[in-house]
Amino acid sequence: MPTALITGVGGQDGGYLAERLLADGVEVHALALPGDDVGIDGVHLHTGDVADLDATRASILEVAPDEVYNLAGLSSVARSWDEPGLTARVNGLAAAGLMGAAHDVGARFVQASSAEIFGLPDRSPQDEDTPVRPANPYGAAKAYAHFMVEVYRRRGLHGTSLVLYNHESPRRPAHFVTRKISSGVAAIAAGHAGRISLGNLAARRDWGWAPDYVEAMVLAARATTPRDYVVATGEAHSVEEFAAAAFGCIGIADWSSYVDVDPALIRPVDAPALVGDASRIREELGWQPTVDFGELVRRMVEADRLLLETATPPG
Ligand code: GDP
């Protein structure tokens, strides 16, 4: 039975990945921050901070996994401007340390990279040949880790950097715009809230279903030859379209009267559109997205409505 080690198991993707691997019979070890609520039975938890390179390396040498999935990281682009140093340590240096350890124990390595490495791309859709030119501290740290995967691959590591486009689910934290909208719409439907404040409504993102992106990670780890891949649906939608679809789920067509645009939420530097061309992973590894935009929005709104129903005592 293979053994896998996941960092960032407390996040959206970490949870889905642990469940996916456990269902397959994989022995799953995870690095989690002290106090992280992982809540998945059967995961062997190792407490520690990935930014502590020596401790992390020691954990990997001890577990000697067959596969290492690096999902740890500060996940907010907006917040990376407030903490550029911490972002570099966690999203950049820690990843490099993990690769070194994975290389030394002969483990396969999957890096959860991000479309943010492309910054403000001048071509659309982006693919594996798009220049890496980040535009924020989050993207720059991810870009360093992305390059280091190639550096270690040349040294013999079975390493893959997956350039993941935005991927969402009911487990997405509420500081991401999709969940902010789905939870806001559910609260409006329940009569708990009146309005939602948003930033740039025109921003376009390629939003996919998070478990599909976790599937790409497993395919990459099991591939015969390691290679970097863009993972995306290939379809971009605006924040405005997301809001319209979410309000549509609760029967509100004239949604604009429920949404305020707060200039404080508009980012000083924001990619107007990120959309990926995933042809390579589709062709080489047989990956494909299983949930389209409308269904993604519907699942998120339904999950948030259910959450409110179960949280609110009847009467
Ligand atoms: P990101 O792409 O990883 O930064 O994911 P987000 O969900 O945080 O942001 C996606 C896009 O939505 C960005 O272009 C944001 O500028 C835009 N956006 C518009 N309004 C909001 C908002 O109220 N909150 C967030 N987080 N993003 C917003």
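## Helices 4 and 5

Helix 4 and helix 5 are roughly parallel to each other, because their axes cross at roughly 15° and angles under 35 degrees count as roughly parallel. This is a predicted model. Helix 4 covers residues 84–105, and helix 5 covers residues 137–154. Their axes come within 8 Å. The crossing of this pair is right-handed.

## Helix 6 and its partners

Two packed helices are described by the angle between their axes and the distance between the axes. Take helix 6 and helix 8 in those terms. Helix 8 spans residues 239–249. The axes of helix 6 and helix 8 come within 10 Å. They cross at roughly 30°, which means that helix 6 is roughly parallel to helix 8. Helix 6 passes helix 8 in a right-handed crossing.

Helix 6 also packs with helix 10, residues 293–311. Here the axes are 8 Å apart, and the angle is about 50°. Helix 6 is therefore oblique to helix 10. The crossing of helix 6 and helix 10 is right-handed.

## Around the ligand

Now turn to the ligand. A shell of 16 residues surrounds the ligand. The closest are His175, Lys180, Gly199, Arg267 and Asp270. Sorted by class, the shell has seven nonpolar residues, five polar ones and four charged ones.

Lys180 places a polar side-chain atom 2.7 Å from a ligand oxygen. Val177 uses its backbone instead: an N or O atom there lies 2.9 Å from an oxygen atom of the ligand. Arg205 has a side-chain N or O atom 3.0 Å from a ligand oxygen. On its own, the ligand has 530 Å² of accessible area, and the protein covers 93% of that. Two elements give two or more residues to the shell: helix 6 (177–189) and strand 8 (196–198).

## Two loop details

Two backbone features sit in loops. One is a cis peptide bond between Ser124 and Pro125. Omega there is about 0°. Pro125 belongs to the loop between strand 5 (108–114) and helix 5.

The other is at Ala64. Its phi is near 45°. That is a positive value in a residue other than glycine. Ala64 lies in the loop that runs between helix 2 (53–63) and strand 4 (67–70).

## Where to look first

Start at helix 6. Helix 6 is roughly parallel to helix 8 and oblique to helix 10. Then find helix 5. This helix is roughly parallel to helix 4, and the loop between strand 5 and helix 5 holds Pro125.

Conventions: Residues numbered from 1 in each chain as written. Predicted model: local features only at pLDDT ≥ 70, side-chain atom pairs only at ≥ 80, totals over all residues. Heavy atoms only, no water. Near = heavy atom within 4 Å. Polar contact = N/O pair within 3.5 Å; in protein donor to acceptor, adjacent residues only side chain to side chain. Areas by Shrake-Rupley, 256 points an atom, 1.4 Å probe, with all protein chains shown as cover. Helix = DSSP H or I, 4+ residues; strand = E, 2+ residues; numbered from the N terminus. Nonpolar A, V, L, I, M, F, W, Y, C, P; charged D, E, K, R; others polar. Axes fitted to C-alpha atoms, helices over the stretch in contact; angles between N-to-C directions. Parallel < 35°, antiparallel > 145°, perpendicular 65-115°, else oblique. Left-handed = near helix turned anticlockwise from the far one by under 90°.
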